[in-house]
Structures are given as C-alpha cells and as structure tokens.
Amino acid sequence: MRSSLALIAALGVAVALSACSTGPAPEAGPGASTEAVTVTGEFGSEPKVTFPTPLTPTETQCEVLHEGEGDSIAEGQLVEVAFVAYDGGTGEKLGGGGFGDAGGQLMTRGGSDSVPAFDKGLSCASEGSRVMFVAADYDASGAGEPTPGADPKNGVVFVLDVLRAFPMKAEGAPQLTRDGFPAVVLAPDGRPGITVPKSDPPADAKQTTAVETLKGGNGPVVKDGDTVVVQFTAVNWDDNQVIEELSTWDQGTPARVGATSDAATAMQIGLPVGFTKSLIGQQVGSQLGLIIPASEAYGEQGAGNGVIAPNATLFFVVDILGVL
C-alpha cells in the first residue's frame with residue numbers, strides 16, 4: 001500500500017500540473033469516523049482538527065462543514081483548493097497547503113493524477129464549501145478498492161476548502177460568424193462537433209491566425225503572460241479529423257496555458273503560437289474559433305509522427321474558463 005506521505009507527494013505533483021447541492025449523488029456520506037472528528041476555524045483559514053486515534057474506517061466517509069454554492073463538483077472539473085491531512089492512526093499532520101495568502105492548489109476530480117479519496121471528497125463539495133472526509137486506507141493509497149479479506153488499516157483525515165471551481169465550458173453569449181467559417185455544434189456538456197468547409201482556408205488565414213468569437217464572455221480580460229484555464233479541441237483542415245492529442249475533451253480535464261505571442265514559449269507547452277497569442281485580449285467566458293496556418297502552428301515539419309502533416313492548417317475551438 002502506498003503510504004499517506006506518498007499521497008501528499010502525489011498531490012504536490014498534480015499541483016505542478018456542502019450538504020451536497022444539486023448534481024450527481026455524492027460518492028461518500030457521513031458515518032462514525034466523521035462523527036469522531038472535530039474541526040474548528042473559518043473557511044479559507046487552516047483549521048484545527050482533533051480526533052481520537054486510531055480511526056480505521058472500512059469505507060471513506062464525508063461530511064459538509066460549510067455550505068457552498070452551485071452544483072456539486074463534476075467529474076473532470078478543475079478546482080482550486082486548500083487542504084490539510086492527518087494520519088488517522090497517530091493524529092500526526094501529514095501535509096497540506098493553500099490557506100490564507102499562500103494561494104490555492106489545483107486539482108481535477110477524476111483527473112489522471114487524482115486519488116480516489118479526493119475524488120470522493122470533491123463529490124460532496126461545491127464552490128465555497130468546506131468538507132471533511134476520513135479516507136479508508138485503500139482510497140488514500142490510490143488503490144481505489146479494498147483487498148478482499150483484509151482488515152481495515154488507519155485512515156487519513158482531510159479537511160478541504162473549495163476556493164474556486166472553474167466551469168466545464170464557456171458560458172458566454174453565442175455570436176454569429178462569417179460565411180465560410182467552420183461550423184461548430186456543441187453537445188450538452190460543451191464538447192464541440194466541428195465541420196470544416198471543403199474549400200481552402202480563407203485568404204486572411206494563409207499567413208496569420210484568423211480568430212472568430214463563437215461565444216462572447218464578460219469576464220476578466222486575458223493579458224499577455226497570464227495563465228489561462230481552457231478547454232480546446234483541434235481538427236486538421238484537410239480531413240476534418242479530431243487530433244486527440246490536442247483535445248482537452250479527450251484528455252478529460254481542462255488545461256492551463258500561458259497567453260503569449262512568443263513562439264518558443266508556446267512550443268514548450270506543445271501548442272501553436274497562433275493559439276497562445278489569440279488568448280490575449282479575450283474575455284473569460286468566451287469561446288473562440290481559430291484557423292491557424294502552418295506558419296503559426298507546426299510548420300514544415302508537422303508533429304506527432306504524422307498526426308499533424310507538414311504545412312498543415314489547423315482549426316481550434318477554445319473555451320476560456322478562467323485566469324489564474
């Protein structure tokens with residue numbers, strides 16, 4: 001079993017990447033272990049946590065200590081949190097962070113680096129809520145299910161504040177686009193379906209990126225150098241095929257992208273400069289359509305072992321969800 005300290009370390013790696021409100025049913029509820037824990041302190045400040053030891057829950061239990069607002073945190077949703085964790089066997093503090101002026105930590109419910117204990121805790125949470133959950137050892141270790149016949153071992157006690165929850169899709173007002181621009185149809189969850197015209201790209205997209213606003217947001221304006229939370233997907237202009245490596249919808253979680261007009265900086269994160277520069281000056285809540293020529297994409301060399309052909313023009317749909 002991975003240790004509780006390893007769990008905290010794993011959460012650190014991911015960072016370098018309420019009675020529940022409306023939404024799906026929570027994956028955990030209160031029980032004898034949560035009833036044994038006392039938590040004092042204000043939301044956003046590190047709490048004082050006391051409990052008798054050892055705590056050995058056979059399943060993860062969750063209790064809402066401070067009601068939040070809006071829907072419960074959805075699968076794949078990115079949140080900014082502060083948390084503290086304690087060893088259920090010894091009462092020793094294991095780690096945590098993000099309280100006060102320290103700045104919150106980012107994690108995704110159900111993301112590739114997520115731990116089952118946190119996914120279950122977040123299922124009880126909404127933006128602005130404080131939840132306390134006592135994780136069974138198999139959830140805290142990352143195993144996700146008990147070993148048949150095994151005795152329960154010490155759990156881990158968490159208190160988590162959801163400081164901010166980013167939307168899953170752009171929520172701006174739909175806008176009309178020009179004739180000949182790719183057609184975009186959105187699924188209920190916001191995933192775009194794209195149809196590229198069979199004609200060549202417009203003349204104004206031969207050498208520089210052409211930008212159309214598909215939804216107009218009214219949030220903060222993105223500045224050069226900002227880190228922006230986005231959802232996006234890309235298709236090749238020539239064959240209209242989705243490039244899975246360039247789709248956060250396929251990856252299952254929004255991405256954090258630097259807004260920059262510097263091509264070298266953009267390519268360090270694997271995205272075209274036509275993408276990263278187009279974020280500058282846009283408002284949070286907007287959805288953009290980007291026709292990116294090869295000169296501002298992957299050039300004569302292409303990328304992805306032939307996934308993106310040499311001199312390929314790409315079309316991106318980008319949802320701007322927030323600025324960090």
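## Overall architecture

Of the 324 residues in the protein, buried residues make up 50%. The structure discussed here is a predicted model. Its secondary structure consists of seven helices and 17 strands.

## Confidence of the prediction

The average pLDDT of the protein is 90, and 93% of the residues score at least 70. Residues 1–21 have a pLDDT below 50, and this stretch has 47 contacts in the model beyond near neighbours in sequence.

## Aromatic pairs

How are two aromatic rings described in relation to one another? The description uses the distance of the centres and the angle of the planes. In this protein the count comes to nine aromatic pairs. One of them joins F51 and Y86, whose ring centres are 6.4 Å apart. The planes of these two rings stand at 80°, an angle over 60 degrees, and the pair is therefore edge-to-face. The partners come from distant parts of the chain, 35 residues apart. F51 belongs to the loop between strand 2 (48–50) and strand 3 (61–66), whereas Y86 belongs to strand 4 (residues 78–87). F51 has a relative accessible area of 15%, which is under 20%, so F51 is buried. Y86 also counts as buried, because its relative accessibility is 11%.

A further edge-to-face pair is formed by F118 and F133, with 5.6 Å from centre to centre and 85° between the planes. F118 lies in helix 3 (residues 116–123) and F133 in strand 7 (residues 130–135), so this pair ties together parts that are 15 residues apart in sequence. F118 and F133 are both buried. These two residues also belong to a cluster, in which ring pairs link F83, F118, F133 and F158.

## Helix 3 and K120

Is helix 3 mostly covered or mostly exposed? The helix is mostly covered, since eight of its eight residues are buried. The buried residues are P116, A117, F118, D119, K120, G121, L122 and S123. The list thus includes the charged residues D119 and K120.

Which residues does K120 contact, leaving aside its neighbours within four places in sequence? K120 is in contact with E27, A28, T60 and D139.

## V81 in strand 4

Strand 4, which contains Y86, also contains V81. The relative accessibility of V81 is 0%, so this residue counts as buried. Not counting residues up to four places away in sequence, V81 touches G97, G98, G104, Q105, M107, L160, D161, V162 and L163. V81 and R164 are 83 residues apart in sequence, but from C-alpha to C-alpha they are 7.0 Å apart in space.

## The second largest pocket

The second largest pocket holds about 250 Å³ of space. How many residues line this pocket? The lining has 15 residues, and D71, S72, Q77, F166 and P167 are those that lie nearest the centre of the pocket. By residue type, the lining divides into six nonpolar, four polar and five charged residues.

A cis peptide bond, with omega about 0°, joins T53 and P54. P54 is found in the loop between strand 2 and strand 3, and F51 is in that loop as well.

N240 is found in the loop between strand 13 (227–236) and strand 14 (242–247). Its relative accessible area is 26%, which lies between 20% and 50%, so N240 is partly exposed. N311, a residue other than glycine, likewise has a positive phi, near 60°. N311 lies in the loop between strand 16 (287–292) and strand 17 (314–323).

Definitions and conventions: Residues numbered from 1 in each chain as written. Predicted model: local features only at pLDDT ≥ 70, side-chain atom pairs only at ≥ 80, totals over all residues. Heavy atoms only, no water. pLDDT = per-residue confidence, 0-100. Contact = heavy atoms within 4.5 Å. Phe/Tyr/Trp six-rings, centres within 6.5 Å; stacked < 30°, edge-to-face > 60°. Helix = DSSP H or I, 4+ residues; strand = E, 2+ residues; numbered from the N terminus. Buried < 20%, exposed > 50% of the residue type's maximum accessible area, 1.4 Å probe, protein only. 1 Å grid on protein atoms, 1.4 Å probe; cavity = no way out; pocket = protein on both sides within 12 Å on 5 of 7 lines; lining within 4 Å. Points joined across faces, edges and corners; volume = space filled by probe spheres on them.
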